[in-house]
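Please keep the sequence and the model in view while reading.

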Amino acid sequence: MLRVGLSGGIGSGKSTVAGRLAEHGAVVIDADLLAREVVAPGTPGLAEIVAAFGDGVVDASGALDRAALAARVFSDDSARVTLNGITHPRIGARTAELISAAPSDAVVVHDVPLLVENGLAPMYHLVLIVDAASEVRVERLVGRGLSEQDARNRMAKQASDAQRRAVADVWLDNSGTPDRVLSVVDALWADRLVPYEANVRLRRFATGPLNVLPYDPTWPEQAARVGARISLAAGHRRVEHIGSTSVPGLAAKDVLDFQLAVTSLEEADSLASALADAGFPAVGPLEDTPRYGEPAEWHKRVHAGCDPDRRVHLHVRVEGGPGWNWALRFRDWLRADAAARQEYEDLKLELASRHTDGIAYGDAKEPWMKAATARMDAFYSDGQTS
């Protein structure tokens, strides 16, 4: 199934987006609702809270008095840790239960207010952030009964826009009327989420033509998000952003290349299922073009991304092996040598104008790549970079 994280600041209108996704058939899991469910009257969760904080945190009806509890934990770190220790495991268990009950072809949307603050973004195939201008959010919150100062105080305690943008694969502006954001959600569902889910379920990577484009300054941010997902799926192994999109200023095909460090190809094979579940199915056992040494040392495993809007190639290589080292040296040489970088860009653009087939494009580029090894060695030996 496809796991989608949904978040946004208070007053941004996440519920509008979540509701529309549910109308399309998504299984929406609302973390706020679960937080209330696990401490409802008669639950073990509420009983444990009362045992920890006393009868003063329940009202006359026997329900949790949230204002009284908030007053107890707001400025007491120890009390907050105690409360989280009671509620978080229960919320997590209930979340896992609902995900397990979802159909195998489901798009599961996890609505989590603190997704950014709790560092949860790498757990999802895709993260959607709902945003609205700060004054719009204040107006909405005042309309719900909050004072303006209370609204601003609550907004200030949450993640910043910059922090949210850093994890956002999709940024949904909900500053206007609901119909505007809903039309964007409709297109997102049909054009990205539905095919993405099918690709993950069928272990099918995204395909399509790729053109050489001017350097996109958001490539490093995108790579950081995707790389974090790969690393988490692979047990926190080392991931390096390589290839042309990793070189600032260099024109490139809009595909993020990574290499994942393993100690052996057997270890690489053991990670195939987890990587596929995370949206990076195996393409096959392949080998790099040997630049030196024994050809057998250049074997690798290759995976590719399922997201139709974010092409990814993942090379699983033995860390410290010739293929691993060459990829890093080539990247760092191009980053440091402006003349080589410009020459490589000119070549790519010229070849892309003549070759629409990826294999033919790669073959035509090979003489230049072969010569690059000696040029890199000379560059490094001259001490021009480290």
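A residue is called buried when its relative accessible area is under 20%, exposed when it is over 50%, and partly exposed in between, using a 1.4 Å probe and protein chains only. The model is predicted, so local features need pLDDT of at least 70 and side-chain atom pairs count only at pLDDT 80 or more, while totals for chains, interfaces and linings use all residues. Residues are numbered from 1 along each chain as its sequence is written, and side-chain values use heavy atoms, with hydrogens and water left out.

**Residue S246**
- S246 is buried, its relative accessible area being 5%.
- The loop between β7 (239-242) and β8 (252-253) holds S246.
- A polar atom of the S246 side chain lies 2.6 Å from the backbone oxygen of G243.
- Apart from neighbours within four places in sequence, S246 is in contact (heavy atoms within 4.5 Å) with H241, R331 and R335.

**Residue D111**
- D111 belongs to strand β3, residues 107-111.
- With a relative accessible area of 5%, D111 is buried.
- When residues up to four places away in sequence are not counted, D111 touches L6, K14, A18, I29, D30 and A31.
- The side chains of D111 and K14 are also joined by a polar contact of 3.2 Å; such a contact is a pair of N or O atoms within 3.5 Å, where within protein one must be able to donate a hydrogen and the other to accept it, and residues adjacent in sequence count only if both atoms are side-chain atoms.

Note on methods
Helix = DSSP H or I, 4+ residues; strand = E, 2+ residues; numbered from the N terminus.
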